[in-house]
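Open the model in your viewer and keep the sequence panel beside it. This tour tells you what to select at each stop and what you will find there.

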Amino acid sequence: MGRYILALLVCLSLGIPVQAGLWMPRVFGDDMVLQRGGEVKVWGRAEPGERVTVLFAGHEVLTRTDRGGRWEACLPPMEAGGPYEMTVTAGSGRIRFVNVLVGEVWVCSGQSNMEWWVAVSADADREVAAADYPQIRSLRVPKRISLAEETDIEGQWVVCSPSTAGDFTAVGYFFAREIHRALGVPVGIIDASWGGTIIESWTRRESYEALPEGVRRSWDPAVVEALGAYPREYPEGGGPDYFDYIARDPGMEERWYLPGAGTRGWDEIAVPALWGDTPLGDTDGAVWYKCTVELPDGWAGREARLSLGRVFDRDDTWVNGTPVGSTADPSRGRVYTVPEGVLRAGGNEITVRVIKSSGRGGFPDEADRLFIATDEGAVPLPGRWNYRPTVVGDSFRRADPGPNSAYAVLYNGMISTLTDLRIRGVLWYQGESNSDNAYDYRVLFPNLISDWRAQWGYTFPFYWVQLANYTAPDARPSDSPWAEVRESQDMALSLPATGQAIAIDIGEAGDIHPRNKQEVGRRLALIALNRTYGFGDVHCEGPRYRTMTVEGDRVRLSFDLHGSRWATANKYGYIEGFAVAGADGRFEWAAAGFDGEDVVVRSDRVPNPVAVRYAWGTNPEAGLFDSEGLPLAPFRTDDWKLSTQR
């Protein structure tokens, strides 16, 4: 005891933090998966100078805590297997984890298309019902912004089953399912994703600050300062203190959600509609909506369901002054329960406060998703609502710091705690929110890949999804920031151990979140099976542009088919998706056809072509595939200045 007190006094005098009792971070837990085939570090804290014993799968590893109470131990490389128990003991305690597997571990990160869950993907009911894979496990990292690198998370490992799989990242789950089926080993996915986020938020502070000045964004010092006091856990769903997390809102102070508050001085707005299609434009901030809906007399006092579809980005919703729901995730449809005793005969008032931090705001779904219902039927919500903005513009951004308000805050809050954990690799789906600086992404993206590898200490595989097609089909060839993001993503393939799943054919014009996540996961898995797991006979890469030759008024293009052959999905009797330009840089649609394995393109409008682009647009036609169904990667042959290039 005397030696412990002396050690404690020494630690306190040196400013060394002391952790009372045995502790381990929550990347470890029941049902976890540990990476096979390499040393696996386990770590934690106990009393300074204590001996710590780790028992796992027949291995015993001894270590001792340092003066600050930290300890770490390395388990030897292990084969896939389990379930096992892990027991960690020290004089100050004992920790036991059960149902632990050894297999393959992948981190899944990015924005909403990685976060998008199985329950709202294509054929969701069948997929969820069939998700009986007890050797697939998921750890979801809670959304957290932080100015300092964190050492722990609040998440826990979950075993895949029909009762749990609906909440898994869909891309990660469908990837894991393919890998598990092919290898017959356990697979763990760690979901560290957040919708609508920019790559700068996921980049480590020192790494970002070392980038060239012209690549770095300007950051509002007031926002960065405000981040220091922002809640560590992002408010999802609310609670009584939720309204304190943004600026003082007169709508809250004056209680606009009460039926008697009225709408004098409010304007009218179409619902559903995105803000960009209304007078609100690209406003950031809080906007209040209010409507009155007439309900049958027999519904008075009954429990009901209120459906609003999705809301971009966050909502707080009341019915007749009673709060019924609050959601911070723009990808989730809002279906709230209206408790008994709230509804009344005749007119019922619905109030929604919509908060937009970045991107688009408003109600994106079709009108048939907005209704109030009981077992007796549904009543649609009115198409015109009253609305009134409150805290908007710069005042909102200063008061409501979020994940895009400063660089590194998501690396600090969601990634830094993982870097001591051995993994097989990373899957990444992000870039939509960086279309405004797409040209800089060619620096930002490889920088993130290289720095994450440096923090883990080895060059793990890093595979990503190139942006899918989106918005209305392109009417004519034009500049496209999304196409420029795709090119920047493509350029990162120059780094070792990288791979890219092309998704130019599986997007949806009306939804930034295409539902066919099965094919996205499959294409990522093909890359991993071929390049990481040594299945050389697995075809994993579609055709890629190689060379161009001008032959009078036409252009001959050659490609690398990677041992496959051409197939087409043309709808017009020619291969769609090509555009050509002369020296003036004006692109025109071109007809294209095969000449052997080459593609020849021409346009009557461009008699002297000098450049070709293919699938270059936000939602371009893309008519070329190989015989295994993988699409030709978008490309351009010119090096002309891009729209996001400064």
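Select residues 517–532. This is helix H12, with 16 residues. From first C-alpha to last it reaches 21 Å, close to the 22 Å expected at 1.5 Å a residue. That expected span is 1.5 Å times one less than the number of residues. Helices here are DSSP runs of H or I with at least four residues, strands are E runs of at least two, and both are numbered from the N terminus.

The model is predicted: local features need pLDDT of at least 70, side-chain atom pairs count only at pLDDT 80 or more, and totals for chains, interfaces and linings use all residues. Residues are numbered from 1 along each chain as its sequence is written, and side-chain values use heavy atoms, with hydrogens and water left out.

Stay on H12 and colour by burial. Buried means under 20% relative accessible area, exposed means over 50%, and partly exposed is in between (1.4 Å probe, protein chains only). In H12, 12 of the 16 residues are buried, so the helix is largely enclosed by the rest of the structure. Among them are Lys517, Gln518, Glu519 and Arg523. Leu524, Ala525, Leu526 and Ile527 are also on the buried list. Step past the end of H12 to Gly534, where phi is positive, near 80°.

**Helix H10**

Now select 441–456, helix H10. H10 has 16 residues and reaches 22 Å from first C-alpha to last, close to the 22 Å expected at 1.5 Å a residue. How many of its residues are buried? The count is 12 of the 16, so H10 is largely enclosed by the rest of the structure. The buried residues include Phe445, Leu448, Ile449 and Trp452. Just after H10, Gly457 takes a positive phi of about 95°.

Two packed helices are described by the angle between their axes and the distance between the axes.

Which residues meet here? Show Tyr441, Arg442 and Phe445 from H10, then Glu487, Ser488, Gln489 and Met491 from H11. Contact means heavy atoms within 4.5 Å.

**The cores**

Select Phe28, Trp71, Leu75, Met86, Trp428, Trp452 and Phe462. These have the most contacts inside the largest nonpolar core, which has 69 residues. Such a core is a set of buried Ala, Val, Leu, Ile, Met, Phe, Trp, Tyr and Cys residues joined through side-chain atoms within 4.5 Å. A second, separate core of 39 residues includes Val128, Ala165, Ala176 and Tyr429.

Centre on Phe462. Not counting residues up to four places away in sequence, Phe462 touches residues including Phe445, Leu448, Ile449, Trp452 and Arg453. Val426, Trp428 and Ala497 are also among its contacts.

**Backbone stops**

- Go to Gly82 and Pro83: the peptide bond between them is cis, with omega near 10°. Pro83 lies in strand E6 (residues 81–90).
- Go to Val271 and Pro272: a cis peptide bond joins them, with omega about 5°. Pro272 is in the loop between strands E11 (267–270) and E12 (285–295).
- Go to Ala408: phi is positive, near 75°, in a residue other than glycine. Ala408 is buried, at 0% relative accessible area.
- Go to His562: phi is positive, about 55°, although this is not a glycine. His562 is partly exposed, at 29%.

**An exposed strand residue**

Select Ala378 in strand E19 (residues 377–380). Is Ala378 buried or exposed? At 53% relative accessibility, Ala378 counts as exposed. Leaving aside neighbours within four places in sequence, Ala378 contacts Trp299, Phe371, Ile372 and Ala373.

**Zoom out**

Show the whole protein chain: 12 helices and 33 strands. Buried residues make up 56% of its 646 residues.
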